[in-house]
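Please work through the following exercises with the structure open beside you, and try each task before reading its solution.

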Amino acid sequence: MLLKLENISKVYQSDGPPATILANLNINVDAGQFVCFVGPSGCGKSTTLRLINGLLPPTTGKVYFKDKPLSGINLQCALVFQNFALLPWLTVTQNVLLALEARGMQLPAAKKRAAYYIDKVGLDGFEAAYPRELSGGMKQRVGIARALSVEPELLLMDEPFSALDPLTSINLREELLDIWADPNLAVSTVIMVTHNIEEAVELADRVVLIGGRPGRIIADIEIALARPRHKNSEEFSRYVDSIFSLMAEI
């Protein structure tokens, strides 16, 4: 087992009464799986990603990575954000280099690795471009290249395609599956947050439905469909309808 969340709760304390975001959350993820978290806004999906990455500590419970309790940032994870999170005054290469420099990699080796992953995401020739010169899809490719460059075992993605046009989103989903399946890349496991049920069924081995306030696991559904998956198939539609029905009951 690669990842285990055991009896997780997360409570935010501010000037007012405490806000419980997650309660008694239990999730196991095996190496090599592609898992999607779905659920209504405010149910704690993005918070769960940040707990897995170590950006937030749980209030109660434990996060285990490779059977060891997580303490601090999980350096075997990388996170791709919804809003690209690029620094506008840096080029494509410089934005990717940020992650490598933060981990202490020497510049010559970091440049070589950055160039490799920029090419992997289809941005060869745009190394010197600035974010303002890129489309939304290209900006997200930079974010993916930056995450891949640290060669994580676990790739976390927080609604990575929600700000993109439909055609770009379709293309990037296909490329993401190629990256996940590539034996030459370190990342073998993906956990992604999405509001798009069809997207989750298209991509995931498992769809974990989180609902309620505080957030809790409503269902953990194995998607037993061969890839590539066809949205117009009866089996695909059954999975989508079933998850929509469960969400409607939350």
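**Exercise 1. Aromatic pairs**

Task: How many aromatic pairs does the structure hold, and how are the rings of each pair arranged?

Solution: In this model, which is predicted, there are two aromatic pairs. A pair of aromatic rings is described by the distance of the centres and the angle of the planes. Next comes the cover of the two residues, for which the cut-off for buried is under 20% relative accessible area. Phe34 has a value of 0% and is therefore buried, and Trp180, with 15%, is buried as well.

Tyr116 and Tyr117 form a pair with centres 4.8 Å apart and planes at 90°, and because planes over 60 degrees apart count as edge-to-face, this pair is edge-to-face. Here Tyr116 is partly exposed, with a relative accessible area of 36%, whereas Tyr117 is buried at 2%.

**Exercise 2. Strand S8 and its neighbours**

Task: Are the faces of strand S8 covered or open, and which strands pair with S8?

Solution: Begin with the strand itself, which spans residues 189-193 and has five of its five residues buried. In a regular strand the side chains alternate between the two faces of the sheet. On one side of S8 are Thr189, Ile191 and Val193, on the other are Val190 and Met192, and both faces are covered.

Then look for the partners. Strand S3, residues 34-38, runs parallel to S8 and is joined to it by four bridges, with Phe37 standing opposite Val193. Strand S7, residues 154-158, also pairs with S8 in the parallel sense, over five bridges, and within this pairing Leu156 is the bridge partner of Ile191. Between S7 and S8 the chain passes through helix H5, residues 166-181, in a β-α-β crossover that is right-handed.

**Exercise 3. A patch on the surface**

Task: Which residues form a nonpolar patch on the surface, and is Leu75 buried or exposed?

Solution: The patch consists of Leu55, Ile73 and Leu75, which together have about 270 Å² of accessible area. Leu75 sits in the loop between strand S5 (68-69) and strand S6 (77-80). Its relative accessible area is 51%, and because exposed means over 50%, Leu75 counts as exposed.

Technical notes
Residues numbered from 1 in each chain as written. Predicted model: local features only at pLDDT ≥ 70, side-chain atom pairs only at ≥ 80, totals over all residues. Heavy atoms only, no water. Buried < 20%, exposed > 50% of the residue type's maximum accessible area, 1.4 Å probe, protein only. Helix = DSSP H or I, 4+ residues; strand = E, 2+ residues; numbered from the N terminus. Pairing = 2+ DSSP bridges. Right-handed = clockwise from strand over helix to strand, strands pointing away. Patch = residues over 30% accessible without salt bridge, like charges linked within 9 Å, V, L, I, M, F, W, Y side chains within 5 Å. Areas by Shrake-Rupley, 256 points an atom, 1.4 Å probe, with all protein chains shown as cover. Salt bridge = Lys/Arg side-chain N within 4 Å of Asp/Glu carboxyl O. Phe/Tyr/Trp six-rings, centres within 6.5 Å; stacked < 30°, edge-to-face > 60°.
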